Amino acid sequence: MSAATRIGALIAKEFRHLGRDRRTLAVVLALPVLQMILFAYAISFDVTNVSTVVIDQDRTPASAAYLRSYASSDFFRVVGTADGLADVDRIFDRNEARIAVVVPAGFGRSLAAGEQATVAVYLDGSEPTAARVGRGFAVALNQAYGQSVAVEWADAQGLDVTAA
């Protein structure tokens with residue numbers, strides 16, 4: 001007797017047993033459907049309102065405007081401020097925030113001089129999906145803010161940015 005024949009006989013026997021016991025048949029058919037319905041609502045990879053803490057070491061109108069772009073975003077939910085980088089680990093350890101945005105001193109001066117200004121965005125990697133998506137949103141927000149600063153600078157120089 002071949003292995004395929006034995007497996008076929010075993011499958012046929014199990015189906016006969018399922019046909020005899022209606023409760024087991026109901027569980028076998030209903031349980032996967034119930035799991036799909038529950039998991040469709042319970043498991044979501046949508047990441048929104050990620051708790052964010054901001055550290056403004058520059059304390060200028062430019063840095064405040066930059067940090068307002070985080071506060072006005074649908075993705076980031078600014079839950080507070082911190083004084084320095086030493087607070088970031090404590091905040092992450094206590095699950096008070098998942099993202100920390102640090103604006104270093106000299107940010108406003110760099111923007112006013114037409115130079116590239118840098119910021120630091122720290123991510124709590126304990127939730128990899130939120131960290132990965134948070135990184136993407138932070139990069140996109142920084143690019144959008146950089147474009148708006150470039151347009152403001154061009155307008156101040158009298159350049160027409162609408163010309164193709």
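Leaving out neighbours within four places in sequence, Arg-98 is in contact (heavy atoms within 4.5 Å) with Val-50, Ser-51, Phe-92, Tyr-122, Leu-123, Asp-124, Ser-126 and Glu-127. This is a predicted model, in which local features need pLDDT of at least 70 and side-chain atom pairs count only at pLDDT 80 or more, while totals for chains, interfaces and linings use all residues. Residues are numbered from 1 along each chain as its sequence is written, and side-chain values use heavy atoms, without hydrogens and water.

**Arg-98**
- Arg-98 lies in the loop between helix H4 (86–93) and strand S3 (99–103); helices (H or I, at least four residues) and strands (E, at least two) are DSSP runs, numbered from the N terminus.
- With a relative accessible area of 18%, Arg-98 is buried (under 20%, 1.4 Å probe, protein chains only).
- The Arg-98 side chain makes polar contacts with the side chains of Asn-95 at 3.3 Å and Ser-126 at 3.1 Å. A polar contact is a pair of N or O atoms within 3.5 Å; within protein, one must be able to donate a hydrogen and the other to accept it, and residues adjacent in sequence count only if both atoms are side-chain atoms.

**Sheet**
- Four strands form an open sheet in the order S2-S1-S3-S4, with mixed pairing; strands pair if DSSP finds at least two bridges between them.
- S2 and strand S4 (120–123) are the edge strands, each pairing on one side only.
- S3 and S4 pair in the antiparallel sense over four bridges, and Val-101 has Val-121 in S4 as its bridge partner.

**Ser-73**
- Ser-73 sits in the loop between helix H3 (61–71) and strand S2 (76–81).
- Ser-73 counts as buried, at 18% relative accessibility.

How values were computed: Buried means under 20% relative accessible area, exposed over 50%, partly exposed in between (1.4 Å probe, protein chains only).
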